[in-house]
4 protein chains.
Amino acid sequence: MQKIAMLGSGFIGRFYADSLQGQRSKDKIVSIYSRREESARKFADDYQVGHWTVDMEEAIAHREVNMVCISLPNDIHEAAVMLCCKHKKAVITTKPLGRNAAEAKRMLLAVEQAGIFNGYLEDLVYTPKFIKAFESVKSGTIGRILWAKSRETHPGPHSDWFWDIEKAGGGCILDLGCHCVEIARTFIGKDIRPVEVMCWADTQVKPIDAEDHAIGLVKYENGAIGQFEVSWTFRGGLDLRDEVMGSEGTIWMNNFLRTGFEMFTTGKGADYVAEKAESNTGWLFPVGDELNELGYNHMFTDMFRAVEAGTQPRETFYDGYIVNSILDAAYKSARTKLWEPVVLDIWRGREGVSKDSHLTEYDADHYLVKEETTHYGARKVILKHKATGKISEKVLE
Amino acid sequence: MQKIAMLGSGFIGRFYADSLQGQRSKDKIVSIYSRREESARKFADDYQVGHWTVDMEEAIAHREVNMVCISLPNDIHEAAVMLCCKHKKAVITTKPLGRNAAEAKRMLLAVEQAGIFNGYLEDLVYTPKFIKAFESVKSGTIGRILWAKSRETHPGPHSDWFWDIEKAGGGCILDLGCHCVEIARTFIGKDIRPVEVMCWADTQVKPIDAEDHAIGLVKYENGAIGQFEVSWTFRGGLDLRDEVMGSEGTIWMNNFLRTGFEMFTTGKGADYVAEKAESNTGWLFPVGDELNELGYNHMFTDMFRAVEAGTQPRETFYDGYIVNSILDAAYKSARTKLWEPVVLDIWRGREGVSKDSHLTEYDADHYLVKEETTHYGARKVILKHKATGKISEKVLE
Amino acid sequence: MQKIAMLGSGFIGRFYADSLQGQRSKDKIVSIYSRREESARKFADDYQVGHWTVDMEEAIAHREVNMVCISLPNDIHEAAVMLCCKHKKAVITTKPLGRNAAEAKRMLLAVEQAGIFNGYLEDLVYTPKFIKAFESVKSGTIGRILWAKSRETHPGPHSDWFWDIEKAGGGCILDLGCHCVEIARTFIGKDIRPVEVMCWADTQVKPIDAEDHAIGLVKYENGAIGQFEVSWTFRGGLDLRDEVMGSEGTIWMNNFLRTGFEMFTTGKGADYVAEKAESNTGWLFPVGDELNELGYNHMFTDMFRAVEAGTQPRETFYDGYIVNSILDAAYKSARTKLWEPVVLDIWRGREGVSKDSHLTEYDADHYLVKEETTHYGARKVILKHKATGKISEKVLE
Amino acid sequence: MQKIAMLGSGFIGRFYADSLQGQRSKDKIVSIYSRREESARKFADDYQVGHWTVDMEEAIAHREVNMVCISLPNDIHEAAVMLCCKHKKAVITTKPLGRNAAEAKRMLLAVEQAGIFNGYLEDLVYTPKFIKAFESVKSGTIGRILWAKSRETHPGPHSDWFWDIEKAGGGCILDLGCHCVEIARTFIGKDIRPVEVMCWADTQVKPIDAEDHAIGLVKYENGAIGQFEVSWTFRGGLDLRDEVMGSEGTIWMNNFLRTGFEMFTTGKGADYVAEKAESNTGWLFPVGDELNELGYNHMFTDMFRAVEAGTQPRETFYDGYIVNSILDAAYKSARTKLWEPVVLDIWRGREGVSKDSHLTEYDADHYLVKEETTHYGARKVILKHKATGKISEKVLE
């Protein structure tokens, strides 16, 4: 059983609490820290938390607490992590780990030196769809992974600090791209080195200093390509889709806006406001169980089972550090307009992986370009001669 | 915390166990009964259950047990319920409650006389989508409910006893229709009396005595209509869809085959068999988290919270009895080809509800038939004169 | 080349004209008749028609005209058809053919006696999706047809005469059910006799004398079942979906509301009114090319090719007569609450078809109930003993 | 009426012919040229073409011909165009116009100097969905266009010459990217200058010299961004999707694989091979009317109406030239890994367009970052101070 100190009582803290104490959970939040007393009290009340405080260290140090959950603005993650190290408390933190790789690296080194359990709360690699898709990918169902794209766009975050580049550390790349990058990286293989990044970013709609729209490509050592599409300017709700191309198959996942639930209302009935939706009349697309669809339940289960079993969860501070390093390269690329290398002071994956071959042997002299059934029902192959490079067609039997 | 005796170790017992002991649950199965020792042992092993037995009463009477979960073939439900009454153990049972209303009624009266907690495990009114849709309906979002259809079709059940009409008590009407009837009834209002049923049923494909395909209409006292479409002959997987029409809106739910998860595989990768799917190559449509999508998690949470709070769960034996009564009328109608009345010896809902009016007043002399925007952008109304019945059009301004 | 007299200048007449003279068509409307001079003039102007008139016979008799297209309210179809017979002009008429089978039969006999080409404009068996689906069905792709459902619901027709039961002859059953019945009948086989009909109908929302919501089942001689779901009370646009179950497959078609085109608008941009949509903000689902999606282009092509080739089109007055006969039975059933026989004075299909067998042989002693792959990867069969009826399972290694 | 010489009798030539002579068309192919006599004869036979030849100039010069349609491999487009100029015949050509901008420019200058009608057969800006979406965009429905993405991926072309880089001029960028680039450009505005391109391309799967997968970004002068995703390695059929983000809305179009038509077959029925599909059992997604869905009908209508009216069609050789110029930049970028400028010797759009502003005024001192409804139903605004840049929240009333 986990006894949790929750740091932060905002939107994400409440989402976490709903999951942590939802259904028939044996885990409990025993202390809540918020910067504002009013918020701390209200949270304690809403979630029946015995202890509240406006002193972060007090929550962490609370004798009942065996696990600290950080749900704070990005600029306070590091300070919170350092206090967990000081008090030797297991720590799990919301995404992104740091505002940049330097912060992330310090946090990673600190928790490892302190020897404390560390988990990185990247919920979107724990969604039920992702988990099942990933099992298929691992078992080879779609062959060799060529491309993995993740898209997260919506009309902008709820809390003011996100829009403040100093507190947030960036715009939608940091806020949303951290998810997308880890999703693509997991599909491609977490032991495959991300090599370089090309990123376009712009501030197209919002009167802010940070980017509100960005698209990035991440090249991996085996030739696979990751892609992220992120924006705070999307209209229509929360668009959360992943696509994967493999040499033998395809995966498409829609995590939020099209999940098989459709509702139309003229608005003449009673009031209804769909969560995160941009309208409350016409066709609406609610999600049945957001906590589950967004991966929170499976994520906390993995974290707590790991800490109780003395193993590592799927996502650790190391993963958070890799993600921050990739995003650093993306930000740099958006400025320099060049493919920027991913600088990794710490790398624990495979080294010297070579690009996967694109040569499928057909016979001694030819490579196979394509095999298909013609309109006439015959099997046809398109071949390339190994020596001359000449393309030819051959109808079988 | 619930300490459960599971009766039955088959397909549905394992599904329940996966949900009961999934995620970070505080509830545990402490005894497993199966008719076959081998199955009981295996289940105990797989789910780390301390006690197993081939004597049903022993499991129920086990001193640790405070809740009995019945996952047995339909023909043994009654015997199991009676033993729970004898030992005064809280009981929850899989659907349908009985093979017919007579059995269901005896079980209902027995548990109420024994004063034990009773829950009816109709999971499909606990799916995340259903729960959210039902909240919208209750809040008036789609207006007055006119029609609620539920469809469950698949290529037939896994276990042999389903195909034996003596053990099962019927075919797909009983097996699948019980879900559909309760879904429609809940949308229309559980306090509205189901009045009569028209049902077509046939054995079109399977060499069995029971029906393998049926369509039924259930008329309610307020004029709303429930519809069920059930079959064991559907090809393509598990089709689980609900549709609701209200005077101010529409709800469409796809619970299984189209939930925003699509996968294509050539089959040249590694083996993969999607659950309940009929193929393992080409386009596949897995469900991310079946236990959650099928409502098991939310159902057990409701059951256990209710027993701990001393309240009633959403679904009790009384609901199971109403469902059996409606299905009895459906079976009778399939034979007589008449609309058959729903015979309810026990009815705890509203009495004497009259049909909802279809007359919307426009002005002193007219009813409003329709209001619409023409191609030219003008507002047009179609009216009916109250006295003469004459239809007329009027363009506004 | 066809030179057409168009009778009727309303909503459907304009739809037909858009199709007839759309793209690079060689056919032309040469005369337009409307009851109101203003409408006739406007239509002639909009579609560059050389001749207009308020005298129906004048349009039909016009020397250039070789084809008459009836787009009039239901109660004038018969009079128009009789004039075509008198002037020996080829005639095609909008659906339904008559207000009832008696009218339809008189029209059928009249055109056949006059020896004129006759086409029944049931566009929904000419939609591109239907045509391709039907080819698959004919080629056996989904096996033996068990059930064919067609659903057409929307918030009610545009013109006032539809709401007047005398002019229209009925409500949504006649207006929409005629489509649904012919769709199901075509999938099941136009040579298979429709035997009897069960229909529920009610006036739930609109202040009218006719039904605004109905559900019907049509039983065919081979045991297949047709289903129609029709309503003028649906909210959300035009719902036009077909589903077919075969012993070896399934077909689902969505002809209008979900065709792969989705648009969201905050409404802050310029005005936009989507056709037939009920809202102009939020998520909208336009259809790219309504004329094509609704089958008009393929329908007129079939009609005109047939008349030029001296053959019959897919849909003739005979089909219109069969549809009216089925709808008559539906109306009667809605009143009597009984399965009503389909009375067919004229029947040109197969006689004495027996119900398809549901017995699949497994071996000399057994029928096959089901074959499936277990969780463990083994093949399992469920069998029924021919003599004893006993159900058994057998695992095939 | 158009009398057409068709140059080329392959896959695309037949597709064009099906459209040109489909439905009730008044246009006819009067001469067919193919490099191989056998093909020319067969085409003439299949489409009832009076004249066939293996001499290209003979077809073009044929006295009946008033329009030449080029359906040849990319490397012969220029020669064919020059012959049209020589014989002063109107010319329409399949995409891409040239293998590169130099070829395209020569063709553009030649047809303009010869004063002949020229049309560029970019069918995908003529699909019914595109046409309706584009009308919405033009009318301001989704506000200012921020991003337009087009994706076309499939398992590789049918004819051998596509795989030969000399004949084709490139790989999937040229073959498929030409579509995507013109789609995005049309949404963003054909009078807005494309400024620079970043492109990743690789040969991941096929044993060829050209790229089989590429992703590109095209920056426009007004700050909008176009994106293309193209591949010959996609598994699952033909993926043809467009997405547009505007400041006030969103458009999603699926042109092929998910258009509301779904079929499942066990394969035990008769044989069926869905066009371009990769499998013929399991879940299949046919397109109802490919010719119409892919825009051919609307494209030829626009072309022929324009030539008959003496106006220009939507797509001319000038557009083909712009597309080739953008693709040239893409190829260069794929090599240099830099954002490469789009070199346009000829530019007929607007000059000196500045980037759209992202500053929405809230009041004298503030810009508006976001306005939203909180969970509590209150309206909240997030503001940025014009002078200090400080972000603040304000709850209204």
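Does Gln23(C) count as buried, exposed or partly exposed, and at what relative accessibility? The legend of Figure 1 gives the answer. The model is predicted: local features need pLDDT of at least 70, side-chain atom pairs count only at pLDDT 80 or more, and totals for chains, interfaces and linings use all residues. Residues are numbered from 1 along each chain as its sequence is written, and chains are lettered from A in the order in which they are written.

**Figure 1. Backbone at Gln23(C), a non-glycine residue with positive phi.** Phi of Gln23(C) is about 40°. The residue belongs to the loop between helix H1 (11-20) and strand S2 (28-33) of chain C; helices (H or I, at least four residues) and strands (E, at least two) are DSSP runs, numbered from the N terminus. Gln23(C) counts as partly exposed, at 27% relative accessibility; buried means under 20% relative accessible area, exposed over 50%, and partly exposed in between (1.4 Å probe, protein chains only).

**Figure 2. Backbone at Lys88(A), likewise not a glycine.** Here phi is positive, about 55°. Lys88(A) sits in the loop that runs between helix H4 (77-87) and strand S5 (90-94) of chain A. With a relative accessible area of 54%, Lys88(A) is exposed. Most residues other than glycine have a negative phi, and most peptide bonds are trans.

**Figure 3. Cis peptide bond from Lys95(B) to Pro96(B).** Omega is near -15°. Pro96(B) is located in the loop between strand S5 (90-94) and helix H5 (101-114) of chain B.

**Figure 4. Cis peptide bond joining Lys95(D) and Pro96(D).** Omega is about -15°.

Key:
Side-chain values use heavy atoms; hydrogens and water are left out.
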